[in-house]
Amino acid sequence: MFRLWYLFGAICVAAFLGQGTVYLLAKRRTAHILTAILVVLSIYGMIRLFTNNIDLGTATRLTDKIIVPTDVAILTGLMNVYGTVTLVGGALYSAWTFWRKRILAHRVQSNVLIAVGALLPAIGVLCSD
């Protein structure tokens, strides 16, 4: 269960959530290429997670860190940074576009709230380490 949680929760969620924003704002070809890269990286992470020995017995409390392979930890960071930058950046870009055109003021506010809501978990992860 830990491996599944780590794959989907820690590695994939932010990246693929941000990728949805890429599909909304970028050219379709660019979005397809980036999706292919994310899928390859996710498969790599899955293979590394499921083929390495991860000693779950060392964790005695919920707050204890479970050590994953270094390359998986780096991949997790990269995927989360990508997801945060694309989601927050896309929301702020959309807010700025609506504000600049002076149309749909509620969408300016909504996109700012999306950006803040996406940024808070990223800040929380930084502060917890």
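Helix 2 and helix 3 of this predicted model are roughly antiparallel to each other, because the angle between them is about 150° and angles over 145 degrees count as roughly antiparallel. The chain has four helices and zero strands, and its elements follow the order α-α-α-α from the N terminus.

**Packing of helix 2 and helix 3**

- Two packed helices are described by the angle between their axes and by the distance between those axes.
- Helix 2 spans residues 28-51 and helix 3 spans residues 70-101; their axes lie 10 Å apart.
- The crossing of these two helices, helix 2 and helix 3, is left-handed.
- On the side of helix 2, the residues in contact are Leu-34, Leu-38, Leu-41, Ser-42, Tyr-44, Gly-45, Arg-48 and Leu-49.
- On the side of helix 3, they are met by Asp-71, Val-72, Leu-75, Met-79 and Tyr-82.
- Sorted by class, this contact of helix 2 with helix 3 comprises nine nonpolar, two polar and two charged residues.

**The salt bridge**

- Side chains of opposite charge can pair when their charged atoms come close.
- The structure contains one salt bridge.
- Arg-48 and Asp-71 form a salt bridge, in which the closest N and O atoms are 2.6 Å apart.

- With a relative accessible area of 3%, Gln-19 is buried, because the cut-off for a buried residue is under 20%.
- When neighbours within four places in sequence are left aside, Gln-19 is in contact with Ala-31, Leu-34, Thr-35, Leu-38, Tyr-82 and Thr-86.
- Among these partners of Gln-19, Leu-34, Leu-38 and Tyr-82 also take part in the contact between helix 2 and helix 3.

**The chain as a whole**

- The chain has 129 residues, of which 31% are buried.
- Of the contacts in the chain with a separation of 6 or more, 66% are between residues 24 or more positions apart.

Definitions and conventions. Residues numbered from 1 in each chain as written. Predicted model: local features only at pLDDT ≥ 70, side-chain atom pairs only at ≥ 80, totals over all residues. Heavy atoms only, no water. Axes fitted to C-alpha atoms, helices over the stretch in contact; angles between N-to-C directions. Parallel < 35°, antiparallel > 145°, perpendicular 65-115°, else oblique. Left-handed = near helix turned anticlockwise from the far one by under 90°. Contact = heavy atoms within 4.5 Å. Nonpolar A, V, L, I, M, F, W, Y, C, P; charged D, E, K, R; others polar. Buried < 20%, exposed > 50% of the residue type's maximum accessible area, 1.4 Å probe, protein only. Salt bridge = Lys/Arg side-chain N within 4 Å of Asp/Glu carboxyl O.
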